[in-house]
Amino acid sequence: MAKVYNFSAGPAVLPHDVLAQAQSEMLDWHGSGMCVMEMSHRGKEFMEIIHDAEQDLRELMHVPAGYKVLFLQGGASMQFSMVPLNLLGDKQSVDIVNTGHWSKLAIKEARRYCNVNVVASSEDRNFAYVPAEETWQRDPNAAYLHYTSNETIGGLQFPFVPSEQGVPLVCDMSSDFLSREVDVSKFGLIYAGAQKNIGPSGLVVLLVREDLLGRARADLPTMLNYQVHADADSMYNTPATYPIYIAGLVFKWLKQQGGVKGMASRNAEKAGLLYHTIQASEGFYTTHIDEPFRSRMNVVFRLKDEALEESFMMEARKNGLIQLKGHRVVGGMRASIYNAMPIEGVKALASFMQDFARQNG
Ligand code: PMP
């Protein structure tokens, strides 16, 4: 088997042990004689799988009582519509922080249903920072405040959780879910697409405070209504059974790795290695993100000489370091180093970057 370190932003690397376990259980899950993909979602085997996945997630994130865990479909993008359609209630307007590509898409979609008050934006400096909270122009009557805790494309991460101020907090945590400790009780709703830190794409995981359910517009399609999914424990229709199974294995793996706390310190170390390499390169590599806001999940950087970028990627590939190309809207390079990326992969990349700089500097 080719040994590579995969720095893709998502779908992204999964823990090797999880894939190996899924492989060993592929044809016969726990003596059932069935593959998980073949099971009835209402049979006792799958009920055990989804129950365990939920319990493990609750444990990992210390989810307080009064929150529903939902396993839905349509990816995180579906939430750009579902959030306003379900949470607006009788309010006219929502607050959204604009820190980059994914915030912009959340804003664009919410504008189809209500007024959007962009409370703050860092577009003036190409999304290099998170505007200081004291400067935000918040509306006390907003239905909620939405922000993107980690901008996957820009490589920008919130180092703080905004204050509630009587308005429920909604967070798109797609690319840093389970990567650092979070006090769930501060949030009205957290959602995360699965394909970074959870499992296969298509699945989206939600934690929603129960008092926010039941506010959906009356004409909302049934499948878009949180209350319907909450009442049915994510089983209103056939859920994404195999992705939920893999997510459950990832949650068990995380518990063995010291939980979210253990991950957080490893993630800090991994990101530290790469940013240190960039800084020590004397301008050969650069990152445009202000220091306090540099993402620990997606390290975005450029080469001093853009003409070298193609050869950087080709050489990296020869060294088994793959999927380092930045997103087309920002260009340059991006190393995504989610929970499942081992420190050895990051060390290999750092050392390759040093060698490449030495040879081409
Ligand atoms: N939000 C963020 C922060 C993301 O990184 C992504 C996907 N990269 C999305 C939303 C959209 O997710 P999906 O493709 O699952 O709809």
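This is a predicted model: local features need pLDDT of at least 70, side-chain atom pairs count only at pLDDT 80 or more; totals for chains, interfaces and linings use all residues.
Start with the annotation. An unreviewed UniProt entry lists residues 4-349 as "domain: Aminotransferase class V". Over that range, the chain is 32% helix and 17% strand. The end C-alpha atoms of the range are 11 Å apart.

Now go inside. In soluble globular proteins, nonpolar side chains tend to be buried together. Here the largest nonpolar core has 105 residues. Within it, L189 and L206 touch the most other members.

Setting aside neighbours within four places in sequence, L206 is in contact with L70, L72, L189, I190 and Y191.

Next, follow α6 itself. This helix spans residues 241-256, 16 residues in total. From first C-alpha to last, α6 reaches 23 Å, close to the 22 Å expected at 1.5 Å a residue. Its buried residues are P243, I244, Y245, I246, A247, G248, L249, V250, F251 and L254. What covers them? The cover includes helices α1 (16-25), α2 (44-61) and α7 (259-279). Strands β2 (67-73) and β10 (203-209) are also part of the cover.

Finally, step off the end of the helix. Just after α6, G258 takes a positive phi of about 90 degrees.

Key. Residues are numbered from 1 along each chain as its sequence is written. Helices (H or I, at least four residues) and strands (E, at least two) are DSSP runs, numbered from the N terminus. The expected span of a helix is 1.5 Å times one less than its number of residues. A residue is buried if 20 or more other C-beta atoms lie within 10 Å of its own, exposed if 12 or fewer, and partly exposed in between; C-beta atoms are placed from the backbone. Two residues are in contact if their C-beta atoms, placed from the backbone, lie within 7 Å. UniProt positions are given in the numbering used here, feature names are shortened, and annotations may be inferred rather than shown by experiment. A nonpolar core is a set of buried Ala, Val, Leu, Ile, Met, Phe, Trp, Tyr and Cys residues joined through C-beta atoms within 7 Å.
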